[in-house]
Amino acid sequence: MTADSPGAGPALDAPTLVDTLEDRLGDPFDEANPLGFAALLRADERGEMCAAGERALDEHGLNADFVPTALGGRLTRIDELVAALRAVYRRDPCLGLGYGMSSFIAAVNVWLAGDERQQRATARLLLSDRRIAAAYHELAHGNDMAGVECAVAETGAGRVLRGRKEVVTNIRRADALVVFARTDDRRGSRSHSQVLVDKRDLDLARVHDLPRFPSSGMRGVQLHGIEFDDCPLPPGSVLGRTGGGLETALRSFQITRTVLPAVMCGPVETGLRVTLRHLLGRSLYGRSALDLPYLRSALAGAYADLLAVECLSATVLRAVHVLPAEVSVLASVFKHFGSALLLDVMYTLSELMGAHFYLRGGPSAIFQKLLRDVRVVSFGHAARGACESNVLPQLPVLARRSWASTQPQRAPEELFRLDVPLPPLWFDRLKLSGSGNDHLTGTLRASVPELSGRSAELGALFLAEHDALTRDCRALPLSELGVTAGPHTSELVTRTGHLLAASACLGIWRHNRHLGGRHSDPRWLQALLTRLHGRLTGRPTALPDELAEPLVAELLDRLAAGRSFDLTGRQLPDGARGATP
């Protein structure tokens with residue numbers, strides 16, 4: 001970390017496991033690196049995972065980051081898990097999803113609902129570098145999990161699994177499966193369960209692989225299907241109580257919906273790095289492309305947008321530990337907001353790259369792969385529409401409770417302080433509903449009166465939006481709280497995302513100023529809030545020079561020093577550093 005990053009501090013300067021992982025993966029810009037962009041692009045063209053990358057992650061023992069320490073792993077903090085996955089994702093989202101994220105998505109359900117035997121068996125599997133796959137969705141039903149038809153049926157000889165799952169990451173090469181299946185023919189929230197099975201315990205004559213679905217992005221990830229033909233289930237396969245599968249899934253989504261957009265900041269950061277290197281090496285109209293005012297302004301705006309996602313990411317990740325009862329809303333809003341903004345940043349960068357953004361060869365070829373792979377953030381695992389469905393019923397409750405209170409609920413300092421320890425991670429403290437509590441916007445309402453100058457003016461705009469959003473949510477009829485909600489109602493979730501992001505930016509800025517550096521400058525906060533408010537009003541705002549230039553200077557400094565563009569400013573093994581391609 002550096003002195004100009006909010007998370008900098010003497011206690012955090014020692015090498016970490018993430019630093020060790022970064023060094024193991026090496027300089028991605030080095031064409032001779034078997035784990036570099038050139039090798040990753042060759043694997044992508046073949047539609048394969050990078051075998052050398054998987055071996056390196058085995059050697060690092062990345063699966064241990066998915067297993068709680070009580071079961072022999074290293075998982076204590078969600079933000080540290082994200083840091084490890086992000087090191088992989090910033091090089092290759094295929095490697096991140098195909099090697100690790102898919103196993104974590106499945107394992108969280110076991111940590112939430114499994115008994116001691118199931119948890120220990122899953123931990124042993126992961127710690128021996130094997131994989132587990134989560135089979136949730138079916139093409140015929142999309143994100144409508146209540147419509148899932150794959151079922152556990154009772155027969156005279158015991159329980160059997162029948163039906164199919166399509167487009168499941170690693171379903172063919174996984175050693176164990178978590179399958180979301182119907183256990184009751186009646187509709188309702190208690191009609192489904194999750195079953196955990198080791199493939200070695202299945203009658204493989206009754207399990208049939210389905211073909212891979214070709215995809216434009218994530219080409220190296222195995223996206224096959226599976227069909228069960230009255231396949232006998234071993235005793236004790238159900239995770240938790242029968243009929244509790246949907247509740248377990250919804251609670252696990254609070255973790256995974258937080259982690260997915262957080263790690264996807266990695267490839268977007270790489271897209272920004274590749275774009276910056278490209279502009280530095282490109283001459284237009286007799287000067288460096290980066291000397292052109294429009295390009296500098298657009299680059300600064302994209303960086304400010306990425307930083308806004310980073311701030312909300314850091315805050316929601318810490319909320320899993322600090323405010324677990326409120327993560328139901330925070331995680332879904334972050335997935336909804338963060339995925340949209342990350343895609344916007346990548347599309348902006350593609351415009352700055354010009355014709356080079358789609359080239360499959362040359363020094364910037366990794367950009368077109370990242371652009372394709374990043375798109376999964378909006379629909380993968382849980383689509384933005386599913387996030388809306390979770391948030392909408394909770395908005396009127398928020399509007400009538402914490403949002404209407406004359407005494408805002410100010411969040412604890414540790415929600416924003418990036419240099420302080422976090423409480424233990426307790427999966428059982430995650431709740432299906434936030435019960436109308438919202439400490440994050442409470443912090444905004446309590447903090448804006450303490451601001452001055454332009455920061456206070458911007459803060460006042462968000463306070464006005466908070467009041468308007470409260471009124472609109474209080475007036476929502478019951479008919480607009482489900483999947484049939486109209487576009488106006490759907491927009492309320494988008495507005496909530498911008499409000500929470502502004503609150504997170506303010507919280508990160510206020511509580512990390514003691515660390516010094518550029519992020520203690522009020523212009524940093526003003527740039528992020530200016531961009532957020534422009535998006536909120538439907539008029540994306542180009543940053544004025546006094547806000548844009550410090551961000552461009554920061555990007556150039558970090559590129560030259562080989563440091564990350566996120567809140568940590570972590571040292572990277574990018575040997576090329578500021579050299580132009």
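In which sense do S4 and strand S5 pair, parallel or antiparallel? S4 and S5 (residues 192–198) pair in the antiparallel sense, over seven bridges. This is a predicted model, where local features need pLDDT of at least 70, side-chain atom pairs count only at pLDDT 80 or more, and totals for chains, interfaces and linings use all residues. Residues are numbered from 1 along each chain as its sequence is written, and side-chain values use heavy atoms, without hydrogens and water.

**View 1. Strand S4 and its partners.** Strands (E, at least two residues) are DSSP runs numbered from the N terminus. They pair if DSSP finds at least two bridges between them. S1 (residues 132–135) runs parallel to S4, joined by four bridges. Leu-177 of S4 stands opposite Ala-133 and opposite Val-197 in S5.

**View 2. Side chains of S4.** Seven of the seven residues of S4 (residues 176–182) are buried, so the strand is largely enclosed by the rest of the structure. Buried means under 20% relative accessible area, exposed over 50%, partly exposed in between (1.4 Å probe, protein chains only). Ala-176, Val-178, Phe-180 and Arg-182 point one way; Leu-177, Val-179 and Ala-181 point the other.

**View 3. Leu-139.** This residue lies in the loop between S1 and strand S2 (151–155). Leu-139 is exposed, with a relative accessible area of 53%.

**View 4. Cysteines without a disulfide.** The structure holds zero disulfides (pairs of cysteine sulfur atoms within 2.5 Å). The sulfur of Cys-94 is 10 Å from that of Cys-50, its closest, so too far for a bond. Cys-94 is buried at 3% relative accessibility. Cys-265 is buried at 0%.
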